[in-house]
Every structure is written in C-alpha cells, then in structure tokens.
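Hi everyone, thanks for coming. Please take a look at the sequence and the structure on the screen, and then I'll walk you through them.

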Amino acid sequence: MLRRADVWEATGWQFPRESFADRLDRVRMIRNMTMHFHELDDDRASAVEEISIALQMLKTVQPQA
C-alpha cells in the first residue's frame with residue numbers, strides 16, 4: 001500500500017517513499033523466513049540492523065489523526 005503515491009501522501013511522512021517501502025519489504029521477508037523456520041541468507045546481525053533502522057524511521061513520525 002505504501003508504494004501508492006496517494007497513500008504515501010496521506011501519511012505526511014518526509015522520508016523517501018520507495019526506499020522506505022523497500023526497507024519494509026526486506027523486514028517482511030526477514031519476518032517470514034524467521035517465522036517459517038528458514039535459514040536467513042544474511043547473518044543475523046544484518047537482519048537485526050535492517051529491522052532496527054525501519055523501527056527508528058517509524059519512531060520519527062507521528063500517526064495521522
């Protein structure tokens with residue numbers, strides 16, 4: 001959904017839409033691989049870093065009322 005320009009504009013977020021959507025997609029893949037007991041291609045430290053960056057980005061925005 002966040003890849004759609006109209007949805008993204010409604011968030012009012014100021015960071016780049018495509019890079020953020022790509023980051024969330026990588027977090028989704030990490031989550032799916034973890035929850036379905038697949039080995040991660042990357043080391044766990046890079047997966048944790050990817051998730052931490054996405055979380056920090058989300059912490060910088062205020063929810064829309």
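This is a predicted model: local features need pLDDT of at least 70, side-chain atom pairs count only at pLDDT 80 or more; totals for chains, interfaces and linings use all residues.

Residues are numbered from 1 along each chain as its sequence is written, and side-chain values use heavy atoms, with hydrogens and water left out.

So, the overview. The protein chain has three helices and zero strands, where helices (H or I, at least four residues) and strands (E, at least two) are DSSP runs numbered from the N terminus. Along the sequence the pattern reads α-α-α. Of its 65 residues, 23% count as buried; buried here is under 20% relative accessible area, exposed is over 50%, and partly exposed is in between, with a 1.4 Å probe and protein chains only. The chain exposes about 5,100 Å², and carbon and sulfur atoms supply 58% of that, by the Shrake-Rupley method with a 1.4 Å probe. Take the contacts (heavy atoms within 4.5 Å) between residues at least 6 apart in sequence: 41% of them join residues at least 24 apart.

Now, at what angle do helix 2 and helix 3 pack? Helix 2, residues 17-35, and helix 3, residues 44-59, pack at about 135°, with their axes 10 Å apart. Those axes are lines fitted to C-alpha atoms over the stretch in contact, and angles run from 0 to 180 degrees between N-to-C directions. That makes helix 2 oblique to helix 3: angles under 35 degrees count as roughly parallel, over 145 as roughly antiparallel, 65 to 115 as roughly perpendicular, and the rest as oblique.

Who makes this contact? Helix 2 brings F20, R23, L24, R26, V27 and I30, and helix 3 brings A47, E50, I51, I53, A54, M57 and L58.

Let me pick out two of these. R23, in helix 2, counts as buried at 17% relative accessibility. Leaving aside neighbours within four places in sequence, R23 is in contact with E50, I53, A54 and M57. E50, over in helix 3, is buried too, with a relative accessible area of 15%. Not counting residues up to four places away, E50 touches R23, R26, V27 and I30. The C-alpha atoms of E50 and I30 are separated by 9.0 Å, and the two residues sit 20 apart along the chain.
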